[in-house]
Amino acid sequence: MRDGDATDARHAMLETATTSSHALELLRRSRLESPDPLPDLPAPGPAIDAWVYRRSDYELAVLGQIVRDGFAANKFVHYADNYGRPASRVEFACDLPGEACKVRIAAEANVAVSVDGATSTASESNASLILDLPAQGRLTIDVRALDGNPATFRIVGGDNALGSASWRARRHDESEWEAVLLRPGGTEAPHLEPLPSTVVRAEHKDGVYALTAPVLGRVVIRSASPATLSVGETIEEALAPPTLVESNSELVPVGEGEWWSQHALGFKYLSIDAPPDAVVEVHASTPAVATRGAFSCSDAMLNRIWAVSAYTLRLNMQKLMVDAIKRDRMPWAGDQAITTFANAYAFGAGAIARDSSVALGQPTHGYVNGISDYSLWWLINADLYHHYFGDSDHARREAASIHRFLTAIAGHADRQGLFHPADQHDGFADAGRGAVFIDWGVEVEPERVYIPLQMLWYWALSSGARVLERADHPAAPEWKARATTVATALEKTGWDEKASAWREYADGPVSEAPHPHFLGVLAGLTPHHAHADAARQLRRHRRAGTPFMTGFLLRALAACGDPDGAIVRLRSLWGEMIDAGAQTFWEEFADGLDSPWSMYGRPFGKSLCHAWSASPAGTLPEVVLGLRPTSDGWASFSVAPDLGDLQWAQAAVPTPHGLITVSADLHAVTVDIPSGTRACIAGEAHVGPAVVAVSLERSEPPGPTASQVA
């Protein structure tokens with residue numbers, strides 16, 4: 001099987017060929033709103049070679065490099081060390097295609113090749129082998145990597161019999177074979193290939209150098225004498241004493257008269273001590289954008305919020321989806337549930353969502369990220385990925401791994417099915433007892449049954465069961481039944497029938513905090529007849545802590561019939577960051593404090609480009625236009641505009657079937673339905689390809705259901 005990057009490229013070509021002039025104008029207008037200074041690099045073309053990795057080894061190799069780079073570039077990093085590592089010795093196997101052939105393979109490793117168990121050839125490291133293969137038999141390639149690299153090899157000229165074979169792989173000390181996803185590439189292994197970069201100039205003004213927008217990149221200084229460097233996401237940080245700045249800004253000489261920052265850094269401002277004639281430029285990491293979504297409406301602030309959300313998301317697309325360009329430059333499972341959703345609307349980049357999930361789902365022990373609830377979010381996100389990107393092949397490849405993951409995490413359940421996670425001594429340093437995090441500012445009493453955690457547990461079990469159902473895995477009914485058991489226990493212990501609301505703890509009153517009220521809706525636990533009561537509970541809250549949890553609160557509020565309340569809060573909370581000058585969204589909201597950049601007791605501790613704050617990229621088209629998939633991969637979708645105080649709104653969403661465009665005003669909605677999809681538009685069913693206009697003046701369009709939102 002070939003890599004999903006190629007699928008993303010095919011989707012891009014499909015959209016380019018079929019995009020209407022109306023959609024192109026919408027995309028152009030939305031792009032002009034964006035602070036993004038980086039070019040949209042084309043999707044990669046056909047690859048020359050095919051690289052073969054064991055399942056998860058490419059992703060784990062990339063994760064390891066990201067973690068090492070993140071710790072080296074930043075002073076204050078917490079990341080649990082239990083993330084998986086790639087195998088150094090792997091056996092690969094495939095059945096020969098039925099026709100004799102000669103194929104060349106290459107690897108920077110020790111390689112032994114056999115057919116039907118008889119060794120045919122072997123090589124030392126960094127060698128290329130020509131395999132003279134018979135028509136039939138089982139080909140096995142044993143790869144032993146060097147220097148901590150993953151065991152991998154390339155099929156030279158991958159468009160051949162071996163490049164199209166169904167490969168399997170296993171660690172040399174394991175018995176179970178797993179399906180393999182081939183990755184396109186050249187002579188350098190894909191896990192080592194850097195992202196493209198764009199040279200951007202820094203303008204010198206008022207004693208600092210400034211970019212037009214934040215980037216992640218390496219600083220280059222050309223000067224007759226050595227220079228010193230300090231960077232920051234704000235002017236204040238760039239000019240602060242070295243002990244207060246967050247990043248390690250050391251320079252290293254690269255040739256005569258040229259110095260580079262030793263690490264890629266996240267910043268907008270640079271303070272440089274160098275001669276006046278020094279030349280300063282930045283090589284900004286440039287994640288390729290094969291496709292783009294768009295959102296535009298009659299409210300300029302909402303347009304800006306969508307564009308800044310999309311740019312925040314793009315900057316964090318660093319081969320895996322990381323959480324920030326400055327401090328938390330690693331993948332975090334809770335944040336992925338935000339970024340997979342936002343990515344589906346803003347870029348449709350399925351490969352990075354898939355690879356990030358695979359990388360996180362292989363902890364050596366304990367929980368994902370060393371956080372028990374992030375293991376639950378990992379399962380939830382696995383389902384979200386399949387829902388938005390429709391990758392049935394991936395579901396089949398990952399089914400056995402997901403079943404093992406569920407089995408391990410279910411070891412923490414009691415007889416009622418409720419989740420009681422154990423501590424992890426080497427887990428996330430800031431998690432509480434039971435390695436529970438939830439969000440910054442949430443403190444959980446460990447001796448009590450915390451209902452929001454149990455809701456995440458139910459949601460995770462249901463999500464895992466749905467992924468296994470897609471793969472026809474025999475354990476799917478078991479996990480679905482366990483989810484039902486948890487739902488029954490929660491109804492008995494967490495639901496207050498008289499108040500028609502959820503408790504925060506099993507033995508306590510109705511929750512004053514919003515978390516059980518919105519998680520109950522999104523997980524599908526709150527009865528539909530109680531949605532109006534849930535909305536009343538949620539309206540009492542402007543937010544739920546950070547932008548991470550607040551993003552879920554707003555979607556739940558809309559699902560309970562108050563989309564206007566959701567958009568009012570979104571406009572206010574994210575708009576306050578815009579008003580404070582944000583070009584990317586922050587880890588925490590603008591709270592009107594004396595120092596808006598402080599967090600964790602450090603003056604510049606707050607990340608100002610944080611992926612968990614990018615949810616408006618999905619929330620705006622979902623809530624304002626009621627645009628959401630109703631089956632996997634947007635094979636069917638619904639459109640149910642609720643404009644509130646807007647006069648008009650438009651959106652474009654890149655899907656596996658092509659671009660969906662929606663344009664609505666107070667009178668009608670027009671939808672461009674891609675080929676191979678079905679749409680329910682304000683209650684009417686239509687089949688693509690078609691451009692359909694439906695009147696909105698007949699009656700109020702139906703609101704979203706909780707299952708559609710989740």
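Student: Which domains supply the lining of the second largest pocket?

Tutor: At least three lining residues come from each of domain 1 (49-185) and domain 2 (197-285), with bounds taken from an automatic or database domain assignment. The model is a predicted one, in which local features need pLDDT of at least 70 and side-chain atom pairs count only at pLDDT 80 or more, while totals for chains, interfaces and linings use all residues. Residues are numbered from 1 along each chain as its sequence is written, and side-chain values use heavy atoms, leaving out hydrogens and water.

Student: Why is this space called a pocket, and what counts as its lining?

Tutor: A pocket is an open set of points, on a 1 Å grid over the protein atoms alone, with protein on both sides within 12 Å along at least five of seven lines, and a lining residue has an atom within 4 Å of a point. Here 27 residues line the second largest pocket, and Asp-69, Pro-194, Leu-195, Ala-264 and Gln-318 lie nearest its centre. The space in the second largest pocket is about 700 Å³, where a volume is the space filled by probe spheres set on the points, which are joined across faces, edges and corners.

Student: Which element gives the most to the lining of the second largest pocket?

Tutor: Helix H3 gives the most, with seven residues. Helix H3 (57-73), strand E14 (208-222) and strand E19 (279-285) each supply at least two residues of that lining, helices (H or I, at least four residues) and strands (E, at least two) being DSSP runs numbered from the N terminus.

Student: What makes up the lining of the second largest pocket by class?

Tutor: There are 12 nonpolar, nine polar and six charged residues in the lining of the second largest pocket. Ala, Val, Leu, Ile, Met, Phe, Trp, Tyr, Cys and Pro count as nonpolar, Asp, Glu, Lys and Arg as charged, and the others, Gly among them, as polar.

Student: How many cavities of 30 Å³ or more does a search of the whole structure find?

Tutor: The search finds seven cavities of that volume, a cavity being a set of grid points where a 1.4 Å probe fits but cannot get out. The largest cavity holds about 100 Å³ of space and is lined by 16 residues, among them Arg-55 and Glu-59. Two or more of the lining residues come from each of H3, helix H7 (350-360) and helix H9 (392-409).

Student: Between which domains does the largest cavity lie, and how do you know?

Tutor: Domain 1 (49-185) and domain 3 (365-541) both contribute to the lining of the largest cavity, so the largest cavity lies between them. The lining of the largest cavity has six nonpolar, two polar and eight charged residues.

Student: In what sense do strands E26 and E30 pair?

Tutor: Two strands pair if DSSP finds at least two bridges between them. Strand E26 (residues 636-639) and strand E30 (residues 678-681) have four bridges in the parallel sense, with Val-639 opposite Ile-681 in E30. E30 and E31 are also joined by four bridges but run antiparallel, and Cys-680 has Ala-685 in E31 as its bridge partner.

Student: What is the order of the strands in this open sheet, and which strands are the edges?

Tutor: The order of the four strands is E25-E26-E30-E31, with mixed pairing. Strand E25 (628-629) and strand E31 (684-687) are the edge strands, each pairing on one side only.
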